[in-house]
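Work through the exercises below with the sequence and coordinates open. Each task is followed by a solution in steps.

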There are 6 protein chains.
Amino acid sequence: MDGRKHDELRPISLEVDFTKWAEGSVLAAYGDTRVLCTASVEDRAPAWLKEQQQGWVTAEYSMLPRATETRSAREAVRGKMGGRTHEISRLIGRSLRAGVDLKALQDRTITIDCDVLQADGGTRTASITGGFVALALACRRLIKSGALRRDPIRRFVAAVSLGIIGDEVLLDLDFHEDRDADADVNLVMTGEGGIIELQGTAEGTPFSKAHLDRLLEMGRVGIDTLVQAQRNALGL
Amino acid sequence: MDGRKHDELRPISLEVDFTKWAEGSVLAAYGDTRVLCTASVEDRAPAWLKEQQQGWVTAEYSMLPRATETRSAREAVRGKMGGRTHEISRLIGRSLRAGVDLKALQDRTITIDCDVLQADGGTRTASITGGFVALALACRRLIKSGALRRDPIRRFVAAVSLGIIGDEVLLDLDFHEDRDADADVNLVMTGEGGIIELQGTAEGTPFSKAHLDRLLEMGRVGIDTLVQAQRNALGL
Amino acid sequence: MDGRKHDELRPISLEVDFTKWAEGSVLAAYGDTRVLCTASVEDRAPAWLKEQQQGWVTAEYSMLPRATETRSAREAVRGKMGGRTHEISRLIGRSLRAGVDLKALQDRTITIDCDVLQADGGTRTASITGGFVALALACRRLIKSGALRRDPIRRFVAAVSLGIIGDEVLLDLDFHEDRDADADVNLVMTGEGGIIELQGTAEGTPFSKAHLDRLLEMGRVGIDTLVQAQRNALGL
Amino acid sequence: MDGRKHDELRPISLEVDFTKWAEGSVLAAYGDTRVLCTASVEDRAPAWLKEQQQGWVTAEYSMLPRATETRSAREAVRGKMGGRTHEISRLIGRSLRAGVDLKALQDRTITIDCDVLQADGGTRTASITGGFVALALACRRLIKSGALRRDPIRRFVAAVSLGIIGDEVLLDLDFHEDRDADADVNLVMTGEGGIIELQGTAEGTPFSKAHLDRLLEMGRVGIDTLVQAQRNALGL
Amino acid sequence: MDGRKHDELRPISLEVDFTKWAEGSVLAAYGDTRVLCTASVEDRAPAWLKEQQQGWVTAEYSMLPRATETRSAREAVRGKMGGRTHEISRLIGRSLRAGVDLKALQDRTITIDCDVLQADGGTRTASITGGFVALALACRRLIKSGALRRDPIRRFVAAVSLGIIGDEVLLDLDFHEDRDADADVNLVMTGEGGIIELQGTAEGTPFSKAHLDRLLEMGRVGIDTLVQAQRNALGL
Amino acid sequence: MDGRKHDELRPISLEVDFTKWAEGSVLAAYGDTRVLCTASVEDRAPAWLKEQQQGWVTAEYSMLPRATETRSAREAVRGKMGGRTHEISRLIGRSLRAGVDLKALQDRTITIDCDVLQADGGTRTASITGGFVALALACRRLIKSGALRRDPIRRFVAAVSLGIIGDEVLLDLDFHEDRDADADVNLVMTGEGGIIELQGTAEGTPFSKAHLDRLLEMGRVGIDTLVQAQRNALGL
């Protein structure tokens with residue numbers, strides 16, 4: 001639709017230090033999707049972790065009301081978070097924790113806020129990829145300040161969406177491609193190609209194991225590119 | 001732990017007509033996990049479907065406060081549904097819709113309530129498998145009463161959980177097995193082996209494509225058994 | 001309507017150990033009304049009792065959405081508990097506390113959850129009668145484990161509904177009888193016939209002292225039968 | 001405690017037209033308990049009554065935060081109404097409806113707001129007695145304006161609390177008497193002595209049928225005095 | 001409209017000890033506007049002030065549902081406070097704190113509840129003027145009881161509304177004048193004429209600096225009269 | 001503190017078309033304060049305006065959780081909007097409506113969302129100034145598309161904050177200046193210098209009429225500069 005090949009990511013950008021207060025701040029763009037990811041460090045683990053001598057990483061995802069084609073009501077106005085918001089926040093948190101040694105964080109909580117400024121497909125995957133960089137920046141700052149001696153980051157974590165349209169497999173779907181897809185997969189992987197999360201949903205027609213194999217192969221290549229973009233953003 | 005083989009389901013039971021008011025009612029048991037699934041038919045499609053001349057299937061999942069080892073506060077008392085509840089409700093709804101021709105439902109909504117009376121691992125998969133039977137019973141009643149001429153059910157849908165512990169792959173985990181698993185997969189499939197939902201989560205150690213292949217193969221066999229149990233419950 | 005005499009209870013059943021996690025668990029049935037009552041022990045008194053060296057017994061009542069003829073929205077989905085739910089929960093809690101020596105519970109809280117699986121009139125009275133058995137089972141377990149030396153149960157507590165239809169007085173109304181009644185009374189009594197709670201409501205026509213006298217006499221007999229059923233369930 | 005006889009009401013006052021906007025407005029005082037009762041007429045029946053060609057009477061009870069000895073948090077601030085508020089609102093509404101011919105109200109809703117300015121025992125009974133006068137004033141205004149031809153009020157409704165302390169029976173308890181009572185009864189009656197609501201609660205020691213008989217006899221006399229005060233307030 | 005001159009206040013009354021439980025209690029009337037203001041002392045500063053060795057004064061404003069020409073839904077029923085309520089509560093709190101030496105309060109919180117019994121314009125200004133008297137009464141009681149040695153009140157604080165209608169400037173608008181005004185100003189001043197809060201809003205036509213100067217001059221005179229009424233109420 | 005003169009604005013920037021979906025979109029910056037303002041057009045007036053044949057302009061203000069020095073909890077997570085958010089949203093809405101001929105909007109609602117990406121003082125004034133440009137862009141688009149014939153914008157509206165520190169008067173305070181100010185004024189004016197909103201608050205020491213005069217004079221000059229920036233952004 002936009003001239004890309006099926007296995008080609010949209011233009012990816014990870015702009016660090018987009019805002020000034022947060023311990024880590026990244027504006028992540030996958031094509032026209034733009035997510036502001038910030039990492040906030042709090043010197044306190046959640047109450048339920050008190051006796052386990054480890055820290056925690058959590059995430060909160062939200063869309064600005066007019067990030068989308070038509071305006072959505074604010075969840076704060078409606079007085080409750082929707083199921084989709086909960087689900088994506090939990091996914092981001094779980095994914096990022098898989099990249100971190102929580103013991104090394106000691107009794108700290110790092111909250112990754114992912115606020116979608118503009119949505120055009122792939123907001124959850126851009127949130128994970130960008131949120132990881134914000135998290136790494138915050139850890140780096142903790143080390144520089146002497147608060148931590150050992151880096152809690154133990155592996156890179158990045159994410160990409162994939163879809164099946166007809167018999168074609170596509171990488172990194174935009175809003176219109178996503179709407180038309182028969183199946184929709186979100187893949188979170190480590191820099192070494194280990195699977196952290198795999199969420200596949202058939203929107204009507206069930207899909208086969210053969211399709212899944214092709215999706216995972218294509219996703220693996222996309223993740224490599226994304227991890228390289230993360231390394232560049234972190235100056236590594 | 002309980003003498004099962006790794007690829008063996010716990011004892012499965014699908015007791016129909018467990019309650020009397022609902023259009024479809026099933027007590028689904030996977031071992032000690034017991035979920036009361038009811039299907040309620042409303043002669044009205046949701047407002048946002050008004051102009052599309054089709055019906056809808058939705059699901060709500062909940063746990064009784066003492067379904068679990070320790071009591072949890074009621075979501076009605078806390079005044080909001082938790083993220084996990086939202087996420088599972090959405091999963092059940094999506095999965096069951098994949099088995100239904102929504103056009104054939106005309107302007108009806110069928111709500112599948114899955115209330116966990118006792119939880120011992122696999123509550124979401126038992127909800128899908130049992131909820132499908134409740135849904136099929138409700139459809140059958142609509143046909144018998146002459147409200148529908150064509151059966152909206154177009155394929156069987158069942159679900160099972162799987163896990164990786166160390167290097168072993170296990171089918172249908174109970175609560176303690178689930179707690180110890182390195183990775184956790186929920187698989188929703190059709191009777192023909194098409195994938196409807198696949199949700200895999202690494203709890204710490206990423207898992208490999210090879211592991212995933214073994215999980216899917218084992219899951220496929222489990223689903224066959226579950227679909228047979230559904231057929232038996234429906235007298236087919 | 002169902003062939004019962006006016007002063008005859010519906011078939012009563014109190015099935016203990018219906019679920020496995022709770023310290024006490026009873027499936028209470030008054031005819032087609034079925035309530036799952038569980039008792040959960042927490043080794044902590046409520047904050048506001050801190051300095052009074054006594055325990056507490058509280059109750060929470062809820063109906064599954066399709067326990068009734070037509071489906072009701074979940075209170076967790078609506079984000080608040082309705083007035084009826086509050087009122088019945090408070091009634092159950094007060095009634096059960098009247099059977100217990102709270103000092104003997106020391107600094108423990110026992111929560112009685114009464115979840116209506118199927119409603120056909122008398123859900124609150126079945127909850128009290130069944131909840132009492134669950135409570136007694138939990139106390140028995142505390143004694144067996146050595147946590148308590150003295151049994152906190154000091155008297156049996158059971159409940160029954162009554163109604164006036166025209167000039168007739170009826171015991172233990174089912175859903176349709178209740179709907180047609182001119183007045184509706186819920187009676188909670190001790191095994192010795194002391195009154196714990198008496199809630200009478202005229203649905204239109206006021207009722208007389210003479211009616212009330214007949215209701216209480218008939219209720220007294222019903223309570224005797226219910227207490228006997230409780231004794232049987234507890235093996236006494 | 002305050003020099004009253006056991007069967008003597010506290011000084012009762014029903015001051016009409018305490019505020020100017022409401023269709024009916026009464027400041028009801030039972031001793032130091034003061035409740036502002038207003039009746040608001042809306043020319044619309046609730047949605048669920050649409051097809052029954054009748055009106056509705058409903059009530060909302062609330063306490064100002066410092067109506068009591070120590071300040072309570074506002075329910076609007078806590079974001080939800082407490083169980084006690086719900087329960088009393090429902091009691092007031094049911095009691096007042098028993099005095100009204102809802103058909104004669106046609107498609108109108110009258111809302112009785114009972115806001116406790118100062119609480120000293122008996123706030124729910126003062127609300128019912130005062131609320132009835134506000135309701136009657138609003139009906140009178142509807143007749144005067146020609147909106148109604150027939151008076152919807154068909155009987156007087158008043159309420160009083162009673163208690164048992166030791167072996168003594170007391171009428172119209174104030175806050176301290178109520179706190180010390182072994183049992184607590186709220187009685188709502190018609191002007192002719194018919195029972196509309198009877199709510200008796202043992203606070204620890206169960207009470208006997210003999211006690212109840214004495215309570216009802218004493219209550220009956222109190223109600224007569226209260227109905228006379230209502231008549232005076234209405235200039236009848 | 002009611003025969004007043006443009007720069008004349010409505011009849012002002014500040015009736016102390018209107019209720020008996022609160023540490024300070026005032027019924028404030030500006031014409032037909034009547035607000036019950038109570039001051040409640042708590043021996044604890046808010047958590048966020050813990051380490052600053054000072055007290056706090058806060059306010060909560062609310063309208064009874066039928067304080068107004070037509071009934072409004074209760075905020076407790078709707079489950080949330082409206083923006084207007086929040087805004088006015090904050091204004092009252094800020095205004096009163098400007099009159100108090102918070103250090104002298106030590107670790108106490110005084111909550112000023114302003115409940116509008118009848119609204120006819122100027123409810124927020126009557127709340128501030130009356131709330132100040134309730135606050136001063138509570139401080140006086142703390143001194144009398146020996147809890148405080150130094151009076152935390154350091155200056156009088158009173159408030160009045162003003163408006164522009166056409167080219168006229170008016171003092172202390174009632175409901176109908178307020179509705180017709182082109183601009184609306186609320187002025188909070190000290191007894192010495194210092195400005196504490198000034199909130200001016202054009203309802204359509206912007207207003208000029210010249211108008212503002214006339215409003216402030218007229219407001220100053222009104223405040224003098226109000227502070228005198230406060231002194232009288234406090235017996236100073 | 002940052003080398004500015006007392007009457008000098010921070011660097012102002014109004015970047016139009018910052019996002020792609022909204023009918024009007026502006027990133028407004030006052031120094032380090034950055035607010036994303038979007039205008040969303042809906043072809044429907046609010047229900048309560050139905051019969052008045054006019055449109056409406058409303059605003060919603062929010063801060064991203066880490067827009068500030070320390071992270072704040074999301075209002076969607078807490079389940080309710082705070083008083084400050086309500087108050088500022090209402091201020092922005094009122095201010096912008098003063099610039100618009102609502103009749104000319106016909107039956108449309110324009111919602112201005114002001115989401116603070118980074119806060120450093122003056123977030124509400126930047127929201128008004130930027131929100132006005134977003135609103136003007138949306139109106140321009142309605143005219144271009146032929147939906148409107150007459151421009152609903154009838155005057156420019158801009159806003160600036162001012163403060164008093166000691167005896168000095170300052171324009172456009174940043175976060176640290178604001179924290180230290182004795183008094184704080186927000187001024188909303190038209191391009192012609194008419195006052196739309198004036199909100200002055202003494203944070204401790206009351207301020208005098210003489211101070212106010214100096215503030216308004218300085219504010220007037222700041223507004224002129226801001227309106228010029230608005231004209232430039234709109235290409236006028």
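**Exercise 1. Which residues is B:Phe18 in contact with, leaving aside its neighbours within four places in sequence?**

Solution. The model is a predicted one.
Step 1. Contact is taken as heavy atoms within 4.5 Å.
Step 2. In chain B, the partners of B:Phe18 are B:Ser25, B:Leu27 and B:Leu36.
Step 3. In chain C, the partners of B:Phe18 are C:Phe18, C:Arg34, C:Leu117 and C:Gln118.

**Exercise 2. Locate B:Phe18 in chain B, and decide: is B:Phe18 buried or exposed?**

Solution. 
Step 1. B:Phe18 sits in a loop of chain B, with strand S1 (12-16) on one side and strand S2 (24-30) on the other.
Step 2. The relative accessible area of B:Phe18 is 10%.
Step 3. The cut-off for buried is under 20%, so B:Phe18 counts as buried.
Step 4. As a check on distance, take B:Arg4: it is 14 residues from B:Phe18 in sequence, and the two C-alpha atoms are 28 Å apart in space.

**Exercise 3. Characterise burial, surface and charge in chain A.**

Solution. 
Step 1. Of the 236 residues in chain A, 64% are buried.
Step 2. Chain A carries 31 positive and 35 negative side chains, and 7 Å separates the centres of the two sets.

**Exercise 4. How far apart are the nearest C-alpha atoms of chain A and chain D, and of chain B and chain E?**

Solution. 
Step 1. For chain A and chain D the distance is 10 Å, and the two do not touch.
Step 2. For chain B and chain E the distance is 10 Å, and these two do not touch.

**Exercise 5. What confidence values come with the model and with chain A?**

Solution. 
Step 1. The model has an ipTM of 0.95 and a pTM of 0.91.
Step 2. Chain A has a mean pLDDT of 95, with 100% of its residues at 70 or more.

How values were computed: Residues numbered from 1 in each chain as written. Chains lettered and ligands numbered in written order. Predicted model: local features only at pLDDT ≥ 70, side-chain atom pairs only at ≥ 80, totals over all residues. Heavy atoms only, no water. pLDDT = per-residue confidence, 0-100. Buried < 20%, exposed > 50% of the residue type's maximum accessible area, 1.4 Å probe, protein only. Areas by Shrake-Rupley, 256 points an atom, 1.4 Å probe, with all protein chains shown as cover. Lys, Arg positive; Asp, Glu negative; His and termini not counted. Charge placed at Lys NZ, Arg CZ, Asp CG, Glu CD. Helix = DSSP H or I, 4+ residues; strand = E, 2+ residues; numbered from the N terminus.
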